[in-house]
Amino acid sequence: MSNIFYYSYSILTSGLSSVALPGFWCYTRLTGRYRKHFRERLGFVPETPIPGPCDAPMIWIHAASLGEVGVAGSIIGSLMKAGTDCRVTVSTMTEHGRDLAVKKFGGRAAVIYAPFDSPATVNGALSRIRPHVLVFLETELWPSWLFEAKRRGVKICLLNGRISERSIRGYLKVRPFFKTVLNCFDRFSMISIKDARRMARMGADPLKIMVSGNAKYDTLVMDVDPAAEQEIRTLLNIGETDRVFVAGSTRGGEEEKVLAAYKTVLKDFPDTILIIAPRHIVRAPSIGSMVSKNGLGYQLRTSIGKGKGRRTEKIIIMDTFGELFKVYSVGTVVFCGASLVPLGGQNPMEPAAWGKVVLYGPHMEDFMDVKGLLEAADASIPVADGKELGKKITLLFADGTAREAYGNRARNVVRDNCHAAERHAAVIEELLKETETL
């Protein structure tokens, strides 16, 4: 099958943003935010020293963006802890992901931009890196990359794999194509049984599939740092006893509902602070206009801090990137966005790791397994709409004992589901042993 055939199939699949026509890829990368380090994206990986013995096997881990970089960190940490003899290269797609990877892995791995998914660019990168094991994380399925690596005899695995109920409908429309793509993998180490079953439905060999849990939980536990909480409290002028309602990763159509809920809370708790963190920070100014139209004052996060000024308003709108996890630390209650609108929800385990009361709406399709874990432990609170959100928060503010109990149960759910990174790392170790016998 030609590369054109691969893409002709893929563009018919809804929601598969990681696959596109080669010409479109080149145009968007040259004119948009992917212009930086363009030669790397063409496969011209710089000849930089890679930490580790020069004769040690090479592991190439593709961590598309910030979240995957965190997972990669947990897995690399587990490999190092186990004393695995290897060198590591980490590739990312986004500038923010690369910056975080350099910060995390500067002394442990080489960090590059991933090549465009075409035979020429992929082969250039593969020739320079020469991996023994190629690791994709979560839902990354790149046809040309997979076919070319398989042709070269590279061992390939998907770690921390997940397939949401929403996305599988798109994949199944072109199941014969994806069955061919999935045949390139040697192992699938999935987050949950449901993810494993969905992968099998897509055409993966069931004998290659295993369930190892979610390595993001390991990352969350490691990232919970009292110093980070104090940093945010100082920065945003938030005291230990202040009541704070954090609405994280909100989407269009939700902020109105969040503001209505906030107004309900203000009737009983007029000093409540609201922090709105939109999923896309470019929407911050329009959200600010919405707040003003509701007769409320606000400040953008970028107007607060050293050399800028103190927080003086009760509403803060986050317009910075990468701070949300730390902001959760100061929340008294946390609402996870993309759930009052049909957009699949956001990960409730992030605030849960801080021991916060977690609330979310009815649309949590992308996080059903996490939702199930929390609700089974009575560690989260689902709400039907913005009106119920306001009522539930008011009740929680009035009952500190219940609030603390919810937070403790949420934190325990995260801790009880740790150590998945070790199981995913074991898959890499197994594949490395197989390369020794070839």
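**Residue contacts and helix packing in a predicted model**

Apart from its neighbours within four places in sequence, K263 is in contact with N294 and L296, where contact means heavy atoms within 4.5 Å. This is a predicted model, in which local features need pLDDT of at least 70 and side-chain atom pairs count only at pLDDT 80 or more, whereas totals for chains, interfaces and linings use all residues. Residues are numbered from 1 along each chain as its sequence is written, and side-chain values use heavy atoms, with hydrogens and water left out.

K263 lies in helix 13, which spans residues 255-268; helices (H or I, at least four residues) and strands (E, at least two) are DSSP runs, numbered from the N terminus. With a relative accessibility of 34%, K263 counts as partly exposed, a class that falls between buried, under 20% relative accessible area, and exposed, over 50% (1.4 Å probe, protein chains only). Although K263 and L296 are 33 residues apart along the chain, their C-alpha atoms are separated by 9.7 Å.

G390 is placed in helix 18, residues 386-398, and is buried, its relative accessible area being 0%. When neighbours within four places in sequence are left aside, the contacts of G390 are with A261, T264 and V265. G390 and K257 are 133 residues apart in sequence, and the distance between them, C-alpha to C-alpha, is 9.1 Å.

S212 is found in the loop between strand 7 (209-211) and helix 11, and at 3% relative accessibility S212 counts as buried. Not counting residues up to four places away in sequence, S212 touches S189, M190, A420, R423 and H424. In helix 11 itself (residues 216-223), Y217, D218, T219 and L220 are buried, and the cover over the buried residues of helix 11 includes helix 4, helix 15 (324-328), helix 16 (349-353), helix 17 (368-376), helix 19 (400-416) and helix 20 (420-436).

In helix 5, which comprises residues 95-105, the buried residues are G97, R98, A101 and F105. Seen down the axis of helix 5, these buried residues fall within an arc of 95° and therefore line one face of the helix, the arc being that of the directions from the helix axis to the C-beta atoms. An α-helix has 3.6 residues a turn, so residues three or four places apart point the same way. The elements against which the buried residues of helix 5 pack are helix 3 (38-41), helix 4 (66-81), strand 2 (87-92) and strand 3 (110-113).

Helix 7 (residues 143-151) packs against helix 9 (residues 175-182) at an angle of about 40°, and their axes are 9 Å apart. This makes helix 7 oblique to helix 9. The contact is made by P143, L146 and F147 of helix 7 together with F177, T180 and V181 of helix 9. The residues of this contact between helix 7 and helix 9 divide into five nonpolar, one polar and no charged.

For the protein chain as a whole, the model has 20 helices and 14 strands, and 55% of the 438 residues count as buried. Among contacts between residues at least 6 apart in sequence, 69% join residues at least 24 apart. The accessible surface of the protein chain comes to about 18700 Å², of which 53% belongs to carbon and sulfur atoms.

How values were computed:
Axes are lines fitted to C-alpha atoms, for helices over the stretch in contact, and angles run from 0 to 180 degrees between N-to-C directions. Angles under 35 degrees count as roughly parallel, over 145 as roughly antiparallel, 65 to 115 as roughly perpendicular and the rest as oblique. Ala, Val, Leu, Ile, Met, Phe, Trp, Tyr, Cys and Pro count as nonpolar, Asp, Glu, Lys and Arg as charged, and the others, Gly among them, as polar. Accessible areas come from the Shrake-Rupley method with a 1.4 Å probe; for residues, only the protein chains shown count as cover.
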